[in-house]
Amino acid sequence: MTIYARVTHNQKPTYHDIVIYQGATFSDTVTIREVSGIAFDLSDYDVRGTIKRTSTAADSEDLAFEATISDATGGDITLALSAADTGAMEAENGGPTWYVYDVEIYQAVDSDTPVEIVYRVVQGRALLEPEL
């Protein structure tokens, strides 16, 4: 499945729910476009993605996606979780459980300033389907 997101000046992220199967490898692609519809060039950016049980959960409970820019000029990001990572996610009462996630692209303003320009490009809920 591919998630399509747009980078806008008001920085409103695309909202998209995903499904993760506990104990299975997860992989998805996020394709980022300019408002005009052309691919957003990610050549000068890095990417990060986080998933956790609730938006207020402690940072120690965060699980980081393996987030990579798979096609910089095409605007493609790949998000992945290993089978071990999804297997360690907790299914509440043994049933399907909602998590929240987001994906950001970022770049430093310049090498002398630690300030980053950050765009949250996609966010949503992740439904964890428990394994048997």
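Good morning, colleagues. The structure is a predicted model, in which local features need pLDDT of at least 70 and side-chain atom pairs count only at pLDDT 80 or more, while totals for chains, interfaces and linings use all residues. Residues are numbered from 1 along each chain as its sequence is written, and side-chain values use heavy atoms, with hydrogens and water left out.

Let me begin with the fold. Along the sequence, the elements follow the pattern β-β-β-β-β-β-β-β-α-β-β. Helix α1 covers residues 83-88 and includes A88. A88 is exposed, at 61% relative accessibility. By definition, exposed means over 50% relative accessible area, buried under 20%, and partly exposed in between, with a 1.4 Å probe and protein chains only. The C-alpha atom of A88 is separated by 9.9 Å from that of L63, a residue 25 positions away along the chain.

I turn now to the interior. Of the 132 residues in the protein chain, 38% count as buried. The largest nonpolar core has 27 residues. Such a core is a set of buried Ala, Val, Leu, Ile, Met, Phe, Trp, Tyr and Cys residues joined through side-chain atoms within 4.5 Å. Which members touch the most other members? They are I20, I51 and I105. At least two residues of this core come from each of β3, β4, β5, β8 (76-81), β9 and β10. Strand β10 gives the most, with five residues. As general background, nonpolar side chains tend to be buried together in soluble globular proteins.

The next topic is the aromatic rings. The structure holds four aromatic pairs. Rings of Phe, Tyr and Trp (its six-membered ring) pair if their centres lie within 6.5 Å; planes under 30 degrees apart count as stacked, over 60 as edge-to-face and the rest as tilted. One of the pairs is F26 with F65: the ring centres are 6.1 Å apart and the planes stand at 40°, so this pair is tilted. F26 belongs to strand β4 (residues 26-33), whereas F65 is in the loop between β6 (63-64) and β7 (66-71), so the pair ties together parts that are 39 residues apart in sequence. Are these two residues buried or exposed? F26 is buried, at 8% relative accessible area, and F65 is buried at 6%. Together with Y101, F26 and F65 form one aromatic cluster.

Two arginines also meet rings. The charged end of R48 sits over the ring of Y106, 4.2 Å from its centre. The charged end of R53 sits over the ring of Y99, at 5.7 Å from the centre. The criterion is that NZ of Lys or CZ of Arg is within 6 Å of the ring centre and within 35 degrees of the ring normal.

I come next to the salt bridges. The structure holds five of them, each being a side-chain nitrogen of Lys or Arg within 4 Å of a carboxyl oxygen of Asp or Glu. One of them joins R125 and D17, at 3.3 Å from N to O. R125 is in strand β10 (residues 113-129) and D17 in the loop between β2 (14-15) and β3 (18-21), so this bridge ties together parts that are 108 residues apart in sequence. R125 is partly exposed at 32%, and D17 is partly exposed at 30%.

Another bridge joins K52 and D62, with the closest N and O atoms 3.4 Å apart. K52 lies in strand β5 (residues 46-52) and D62 in the loop between β5 and β6, so the parts tied together are 10 residues apart in sequence. K52 is buried at 13% relative accessibility, whereas D62 is partly exposed at 31%.

A further bridge is that of R120 with D102, whose closest N and O atoms are 3.6 Å apart. This pair links strand β10, which holds R120, with strand β9, which holds D102, 18 residues apart. R120 is partly exposed at 37%, while D102 counts as buried at 18%.

Finally, the surface. Which residues make the nonpolar patch of about 220 Å²? The patch is made by V109, V115 and I117. Patches consist of residues with over 30% relative accessible area and no salt bridge: like charges are joined within 9 Å, and nonpolar side chains (Val, Leu, Ile, Met, Phe, Trp, Tyr) within 5 Å. The areas come from the Shrake-Rupley method with a 1.4 Å probe, and for residues only the protein chains shown count as cover. V109 lies in strand β9 (residues 97-110) and is partly exposed, at 46%.

Terms used: Helices (H or I, at least four residues) and strands (E, at least two) are DSSP runs, numbered from the N terminus.
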